[in-house]
Amino acid sequence: MSTIEIVSFGYLHDAPPAAHLTIDLRHHFRDPHVSPELRYMTANDAPVRAAVLGTPGITDLVEATAAAVAAFASGPSAGTVTVADGCAGGRHRAPTFAGALAERLTAAGHQVSVRHRDLDKDVVQR
């Protein structure tokens, strides 16, 4: 099985990292940042994960992304497949999605590493 690297990030902090596949979560999935009780939490907090994973369509996107990653991984190259997934600030949707994708890919037998580029950065005031 191929090695998969997943990098979550926030578009408001810097450019997306280089990747074979980039998933933009900003426009189609509700941002927990808009909820005052979740704004200063991160994907390390259960209420944030529940809010993100309870969003219609997100689990379908995890499955579709896992299928796309499997297609990349089945190619003739034995190199690492990199997936970048981003949201606005990189604290809620992207790291939660990255964790769910990593869990799904690990269950399928892939070796997976996850890095959250912007999870510990300050909340972006907007």
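Me: By class, how many nonpolar, polar and charged residues does the lining of the largest cavity have?

Reply: This is a predicted model, and it holds one cavity of 30 Å³ or more. That cavity is lined by 14 residues. Sorted by class, the lining comprises five nonpolar, four polar and five charged residues.

Me: Which residues lie nearest the centre of the largest cavity?

Reply: The volume of the largest cavity is about 90 Å³. Of the 14 residues in its lining, those nearest the centre are H33, G89, R91, V124 and R126.

Me: Are the helices α1 and α3 roughly parallel or roughly perpendicular to each other?

Reply: Helix α1 covers residues 46–53 and helix α3 covers residues 93–107. Their axes come within 9 Å and cross at roughly 80°. Angles of 65 to 115 degrees count as roughly perpendicular. The relation of α1 to α3 is therefore roughly perpendicular.

Me: Which residues of α3 make the contact with α1?

Reply: On the α1 side, the contact is made by V48, R49, V52 and L53. By class, the contact of the two helices has four nonpolar, one polar and two charged residues. On the α3 side, the residues are R93, T96 and A100.

Me: What distance separates the C-alpha atoms of Y11 and G90?

Reply: Y11 lies in the loop between β1 and β2. Leaving aside neighbours within four places in sequence, Y11 is in contact with several residues, including P16, T22, G86, C87 and A88. Y11 and G90 are 79 residues apart along the chain, and the separation of their C-alpha atoms is 7.3 Å.

Me: Where in the chain is confidence highest?

Reply: The mean pLDDT of the chain is 94, with 98% of its residues reaching 70 or more. Confidence is lowest in helix α2 (residues 58–73), at a mean of 95. It is highest, at 98, in strand β2 (residues 21–24).

Notes
Residues are numbered from 1 along each chain as its sequence is written. This is a predicted model: local features need pLDDT of at least 70, side-chain atom pairs count only at pLDDT 80 or more; totals for chains, interfaces and linings use all residues. Side-chain values use heavy atoms; hydrogens and water are left out. Axes are lines fitted to C-alpha atoms, for helices over the stretch in contact, and angles run from 0 to 180 degrees between N-to-C directions. Helices (H or I, at least four residues) and strands (E, at least two) are DSSP runs, numbered from the N terminus. Angles under 35 degrees count as roughly parallel, over 145 as roughly antiparallel, 65 to 115 as roughly perpendicular and the rest as oblique. Contact means heavy atoms within 4.5 Å. Ala, Val, Leu, Ile, Met, Phe, Trp, Tyr, Cys and Pro count as nonpolar, Asp, Glu, Lys and Arg as charged, and the others, Gly among them, as polar. On a 1 Å grid over the protein atoms alone, a cavity is a set of points where a 1.4 Å probe fits but cannot get out, and a pocket is an open set with protein on both sides within 12 Å along at least five of seven lines; lining residues have an atom within 4 Å of a point. Grid points are joined across faces, edges and corners, and a volume is the space filled by probe spheres set on the points. pLDDT is the predictor's confidence in each residue, from 0 to 100.
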